[in-house]
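The sequence and the structure come first.

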There are 2 protein chains.
Amino acid sequence: MADERLLDDLAGIVGAANVLTDAADLAPHLVDWRGRYRGRARCLVKPGATGEVAAVVRRCVAERVPMLPQGGNTGLVGGGTPDDSGGTVIISLARMRRIREVDPVNFTLTAEAGCLLREVQTAAEEADRLFPLSLAAEGSCQIGGNLSTNAGGVHVLRYGNMRELTLGLEVVLPDGSIWEGLRALRKDNTGYDLKQLFIGAEGTLGVITAAVLKLFPRPRAQAVAWLAVPAPAAAVELLSSMRSEFGDRVTAFEIIAASALELVLVHIPGAVQPLADPRAWQVLVELSDTAGDRALSGALETMLAGAMEAGAVEDAVVAQSGAQAQALWKLRESISEAQRIEGFSIKHDISVPVSRIAGFLESAEPRLREAFGQVRIVAFGHIGDGNLHYNLSRPAGLDNDEFIAQTPLVNRIVHDLVVELGGSISAEHGLGQLKRDEIRRYKSPTELDLMRALKRALDPAGLMNPGKLL
Amino acid sequence: MADERLLDDLAGIVGAANVLTDAADLAPHLVDWRGRYRGRARCLVKPGATGEVAAVVRRCVAERVPMLPQGGNTGLVGGGTPDDSGGTVIISLARMRRIREVDPVNFTLTAEAGCLLREVQTAAEEADRLFPLSLAAEGSCQIGGNLSTNAGGVHVLRYGNMRELTLGLEVVLPDGSIWEGLRALRKDNTGYDLKQLFIGAEGTLGVITAAVLKLFPRPRAQAVAWLAVPAPAAAVELLSSMRSEFGDRVTAFEIIAASALELVLVHIPGAVQPLADPRAWQVLVELSDTAGDRALSGALETMLAGAMEAGAVEDAVVAQSGAQAQALWKLRESISEAQRIEGFSIKHDISVPVSRIAGFLESAEPRLREAFGQVRIVAFGHIGDGNLHYNLSRPAGLDNDEFIAQTPLVNRIVHDLVVELGGSISAEHGLGQLKRDEIRRYKSPTELDLMRALKRALDPAGLMNPGKLL
């Protein structure tokens with residue numbers, strides 16, 4: 001009865017067509033992208049404006065109903081999947097999809113939370129500007145989710161995470177009031193920087209409804225190369241030399257283990273081995289500049305020729321056309337898909353200081369071998385940010401259930417080593433449900449207490465995305 | 001008696017030589033750099049290590065004694081000056097002056113809070129890296145103060161504020177516990193990003209004792225030019241074109257009104273007018289690159305020649321040597337000093353979206369003229385960040401007291417306009433005591449409540465730098 005009244009009231013706020021309760025309508029919103037988490041919900045509401053979000057939140061608070069803000073539902077840690085209480089109201093931002101303003105002179109763009117990342121990239125391009133966040137899910141993930149997970153991707157080396165790309169936010173707070181923080185300023189020191197609270201908070205401190213994002217000059221020239229290096233340490237050294245020589249032009253620097261490339265060559269139609277001989281460790285490097293297309297490729301070729309003479313690089317190919325560059329990038333971007341086709345894998349999204357990447361790779365494999373005998377490591381990632389996707393695929397001799405059963409011990413070995421090296425067990429995916437308990441092993445009581453104090457200060461009733469992150 | 005016991009206990013923690021109570025010793029710590037604020041203090045303690053800071057804080061908390069963390073005491077808003085209760089314990093970070101680590105491969109540097117900004121710049125240079133924060137007080141301001149005020153300066157356009165330059169912090173919390181957040185990671189999404197709380201908090205949420213800072217490739221080439229533009233709007237357009245053409249190479253873009261340059265020419269020995277004819281609005285532009293010194297100056301000259309033909313630039317000189325570049329920078333950097341020599345001035349440290357700078361300048365002067373008849377505006381600043389130092393000097397016909405008495409009304413007119421344009425009344429100096437009350441006029445109750453909720457959550461007893469910011 002109370003439930004029906006709530007649904008009626010929500011329909012009164014957002015319109016009956018925007019309150020979903022049908023099992024079939026709800027289904028895609030109750031499971032995460034990887035299919036690891038499933039939950040239940042009372043309903044899903046789709047507010048069309050900030051005021052409607054606020055009214056929905058106030059209504060839920062009055063009834064002490066838990067809420068889950070949901071974006072494109074492409075997250076990898078179950079942060080956007082409801083628990084199985086069945087009491088949750090999912091607040092979808094999908095209808096708030098307006099680009100409110102593009103200001104090319106201020107190099108800013110104001111987008112509502114439900115805008116797809118790709119729509120924001122396109123709106124920036126149309127104003128001859130760059131919005132640099134770029135990641136595999138960009139065609140379906142939403143800006144609100146990018147903000148709530150502090151999304152990373154392949155260009156963090158040069159442009160930073162979503163946090164560094166954000167100047168202002170509009171947020172509906174857990175009590176249903178609206179914080180108007182949509183500032184488009186590069187310098188503002190008038191008290192605590194409140195927007196920082198909500199970025200990366202995975203929806204546990206409020207509902208982000210809009211953001212002012214930073215734009216950049218659009219690069220007009222790019223040079224892309226695929227290289228083989230003798231070892232990860234050589235890749236790290238090469239990165240240092242390239243940054244010293246090319247500075248900010250180094251916009252991506254990705255490492256790919258042979259095992260990762262092999263999966264792509266096997267499973268992805270049309271994928272072609274880029275170098276004559278397969279090598280253990282390979283690097284995809286991208287340089288970008290606002291001018292000088294041929295000069296940029298030429299400078300990269302000269303630099304690589306020197307590195308090959310010095311033995312720092314074993315082999316290299318520089319893309320001679322945009323199509324070739326795209327084909328190289330496709331190899332890199334198809335790794336996750338190839339791994340999914342190959343079957344279950346134990347994944348880690350870790351980071352360490354760049355200077356410790358080689359050390360991590362050198363220590364991790366022997367530790368895993370010692371524990372398990374055989375392992376099949378598929379490593380790749382954003383070495384320029386110290387961020388590795390260090391994944392294990394099922395070894396030939398093991399059946400699937402045996403392999404899956406190893407997950408907790410594998411995680412323990414990898415995560416313990418990461419933390420020994422001053423690293424993070426979740427570089428860019430967040431905690432969600434997947435790592436909420438795991439993190440308690442690694443964070444100090446002081447840090448956990450501080451996090452809980454923030455949660456209590458902003459959401460004393462604990463109604464915002466309960467069971468995630470904390 | 002209680003007071004003596006406290007002093008004895010503090011001496012027990014940091015050593016008797018590091019507890020100052022003598023009026024002469026305390027004097028420089030009780031007044032701000034501009035001499036606008038004076039306070040009193042029980043004593044000044046100089047801990048030599050993080051553990052000592054924590055012990056001092058615990059001891060003060062037990063006695064409910066207010067504390068003031070103090071760095072180089074170069075702040076401009078009285079945030080580092082004690083109130084006049086006489087009960088405050090000043091915690092000076094000056095003895096914590098160690099660069100703990102430089103990691104050129106990770107492009108990071110770990111510094112204690114008491115390191116001078118210049119020492120950090122130098123340590124980075126010695127490792128062939130750049131720490132880009134640069135501001136007038138760099139020879140005496142401390143990193144802890146830079147962090148606590150989220151310092152800005154002339155390179156924010158390219159490198160961001162202190163907040164964007166910080167990867168990790170070590171902080172003594174208001175209860176005397178230590179938060180170990182000294183991470184050297186570019187990607188870490190394991191819960192709330194706690195370091196953001198303390199950056200820009202002006203010491204009201206804890207004592208920052210050390211930080212991991214981002215380094216960058218060191219530019220090897222620079223080109224500097226001084227230009228005259230027809231109007232501020234032309235400067236803003238020129239900035240857009242330059243960023244489109246030169247991208248990240250644009251590392252500074254400063255606007256200087258003729259009135260500001262005139263003060264420098266009058267008061268600073270050796271200052272020389274850089275262009276043949278004085279003009280109303282001038283711009284100092286700096287390009288930087290990791291390579292190509294002559295090419296960079298050449299490209300700048302070509303670009304400016306085109307802009308002059310198009311009428312976007314009226315006159316220009318490109319520095320032909322490092323010494324010439326320094327001389328141009330000196331003109332810009334001497335403005336504050338020249339203004340100090342000229343006499344009292346009413347200063348504003350404001351920002352608006354870059355696209356609204358011209359609008360601000362066009363509206364502000366008529367409004368002030370309408371109110372006061374005569375005004376003498378000395379405007380300059382970091383136009384690339386939308387940050388203007390919009391100052392008023394005493395008009396010839398007015399005596400000093402009359403002029404000073406106008407301050408509140410001048411502030412009101414300027415700040416109201418700034419906020420109408422979506423700007424900030426404190427772009428880079430903070431609130432401190434100077435703007436603590438003024439900001440209440442402009443922040444929403446929701447925002448002020450959120451700020452107070454954070455303060456209560458971290459410092460429920462209100463002992464950390466009371467009376468500042470909030």
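The lining of the second largest cavity comprises nine nonpolar, eight polar and eight charged residues; Ala, Val, Leu, Ile, Met, Phe, Trp, Tyr, Cys and Pro count as nonpolar, Asp, Glu, Lys and Arg as charged, and the others, Gly among them, as polar. This is a predicted model, in which local features need pLDDT of at least 70 and side-chain atom pairs pLDDT 80 or more, while totals for chains, interfaces and linings use all residues. Residues are numbered from 1 along each chain as its sequence is written, chains are lettered from A and ligands numbered from 1 in the order written, and side-chain values use heavy atoms, without hydrogens and water.

**Cavity**

- The structure holds nine cavities of 30 Å³ or more; a cavity is a set of points on a 1 Å grid over the protein atoms alone where a 1.4 Å probe fits but cannot get out, and lining residues have an atom within 4 Å of a point.
- The second largest cavity has a volume of about 310 Å³, volume being the space filled by probe spheres set on the points, with grid points joined across faces, edges and corners.
- Its lining has 25 residues, and nearest the centre lie A:Gly247, A:Asp248, A:Arg249, B:Asp248 and B:Arg249.
- Helix H6 (156-159), strand E11 (216-217) and strand E14 (281-289) of chain A, and H6 (156-159), E11 (216-217) and E14 (281-289) of chain B, each supply at least two lining residues; helices (H or I, at least four residues) and strands (E, at least two) are DSSP runs numbered from the N terminus.

**H1 and H3 in chain A**

- The axes of H1 (residues 2-14) and H3 (residues 50-63) of chain A come within 9 Å and cross at roughly 165°; axes are lines fitted to C-alpha atoms, for helices over the stretch in contact, and angles run from 0 to 180 degrees between N-to-C directions.
- H1(A) is therefore roughly antiparallel to H3(A), the term for angles over 145 degrees.
- A:Ala2, A:Arg5, A:Leu6, A:Asp9, A:Leu10, A:Ile13 and A:Val14 in H1(A) meet A:Glu52, A:Ala55, A:Val56, A:Arg59 and A:Glu63 in H3(A), contact meaning heavy atoms within 4.5 Å.
- The residues of this contact are seven nonpolar, no polar and five charged.

**H9 and H12 in chain B**

- H9 (residues 258-267) and H12 (residues 335-342) of chain B pack at about 70°, with axes 8 Å apart.
- H9(B) is therefore roughly perpendicular to H12(B), the term for 65 to 115 degrees.
- B:Ala260, B:Leu263, B:Val264 and B:His267 in H9(B) meet B:Ile335, B:Ala338, B:Gln339, B:Ile341 and B:Glu342 in H12(B).
- The contact of H9(B) with H12(B) has six nonpolar, two polar and one charged residue.

Technical notes:
1 Å grid on protein atoms, 1.4 Å probe; cavity = no way out; pocket = protein on both sides within 12 Å on 5 of 7 lines; lining within 4 Å. Parallel < 35°, antiparallel > 145°, perpendicular 65-115°, else oblique.
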